[in-house]
Every structure is written in structure tokens, then in C-alpha cells.
Amino acid sequence: MNPARCTAIRGGRLAAYAAGVLLTLSAAGGLTLAGVAYDVTVGLDLSGDTRVFLNVTNDHFAPPEREATALVRRCRRPEDDYPVILFLSHASGVPAGKVLDLRLQGLSWADVMFRLRLGPGVLFARLDRDPGPPYGKAWGHYKNHKKGGRMVLTDGDVIGLTKLQIAAGYYGVNPYTILSERGKGVSIEKYTATKGRGNKGQGKQAKQSNKGAGKSKKR
């Protein structure tokens, strides 16, 4: 078979696969709620709820398609790394690719934040009381944190609090509403997917009303 025909067939199969994923996510509320024109998770081995959450993250920060696709495929753990990269990039004004480069050097997320001169307050926006487990310990450190000093944050803290801020900001809900569901065993990804199925089209409106959320003064 001639090479041009082989290339065309492979391209057709890839397009069909992508279209199938888009239809599946749309039926699940993924792309409908996110409003994105492309699925950044195509080809990744992720659960349906995680795919929805990554596309909501993508819609919230709106990186160009080519940049988003390149970023998510460079991530070692896209389900966790991609949201943090876009969140910290937005908060610091540093290009997302440079944030990922720091992470790929083996730095913890707390060290990446320090390099970006971001204080911990960006993770605790609209949290004015102890959020309880699993973030109660991090909250205690935050309340006793001296401005300008280093704060102890695990990767799990940064990832979880980032996802909380993204979901709350996208849907315009109080973070404690999500934390209440979290306490019942509902993951942030599950909350996001379920919220999207029940509130199609509201994410964009909430995102616009929360424009600028997640920005933090540098150290």
C-alpha cells in the first residue's frame, strides 16, 4: 500500500478515535459542561471523572490547544500535575511550560511554589476556617505561617487544594460545599463531573464571574 494511503488511514482512525472520546465525554457531561472544543485527555488512560475534571481545568484556564496537548503529555501524572501546572501558572504569571520544567527537575510542588515566589495563600482562598481532613493539618500550618517564610506542604496538599480551588472557582461555589461532599467520600473529580451533568452551561458563567480568582501576590 502506498505511504500516502497508509498515512491517510492512520489519520482517519485517529480522528475516529478522538471523535468517539468526544462523544463519550459529551454524553457523560464532560465536554458539555466544560465547553471546550477539544479533549485534552485523548489517548490517556484515565477514568471518566478524571477526564471531565481535566477538561474543566482546561476550560477554566483556556490554554491554546497545541500548548495544552503538549503539556498534558509531558506530565508524569497528568491527572494531578496538569491542574497544578495551569493553576500555578495563572497565579504567578509564569508560562505553564516553565512551571512543568521545574516539576520535571524533581522539585516538590512546595518547592516549585517557592521558586515561583507564590505564598501558600493562593491555595487557601476563601477558606476562613479549618477545612477538616484531609487538609486540616495544612490549614494549621497556614494559620501559623509567618509571611515570607517557608511553609511545609506535601504534594498531596498542593494537589488537593489546587483541585478544590479550580472546582470552586469554575462553578462559583463555596469551597466548603465541595469539602462537605469530600467528607462523604465524594472525590473532587466526581463532584465536578456530577455538578456538570446537573448544571450544564453554568460553568462558563461562573468562570467569568470568578475571573482573576487564584491570583496571589508574590512573596
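Helices here are DSSP runs of H or I, at least four residues long, numbered from the N terminus. Keep in mind that this is a predicted model: local features need pLDDT of at least 70, side-chain atom pairs count only at pLDDT 80 or more, and totals for chains, interfaces and linings use all residues. Residues are numbered from 1 along each chain as its sequence is written, and side-chain values use heavy atoms, with hydrogens and water left out.

**Helix 6**
- Helix 6 covers residues 96–104, and A96, V99, L100, L102 and R103 in it are buried (under 20% relative accessible area, with a 1.4 Å probe and protein chains only).
- Looking down the axis of helix 6, its buried residues fall within an arc of 155° (taken from the directions from the axis to the C-beta atoms), so they line one face of the helix.
- Those buried residues pack against helix 4 (65–74), helix 5 (78–92), helix 7 (109–115) and helix 9 (155–171).

- Skipping neighbours within four places in sequence, Y82 is in contact (heavy atoms within 4.5 Å) with residues including V40, L54, P63 and L71.

**D59**
- D59 sits in helix 3 (residues 48–61).
- D59 counts as buried because its relative accessibility is 5%.

Key
Helices (H or I, at least four residues) and strands (E, at least two) are DSSP runs, numbered from the N terminus. Buried means under 20% relative accessible area, exposed over 50%, partly exposed in between (1.4 Å probe, protein chains only).
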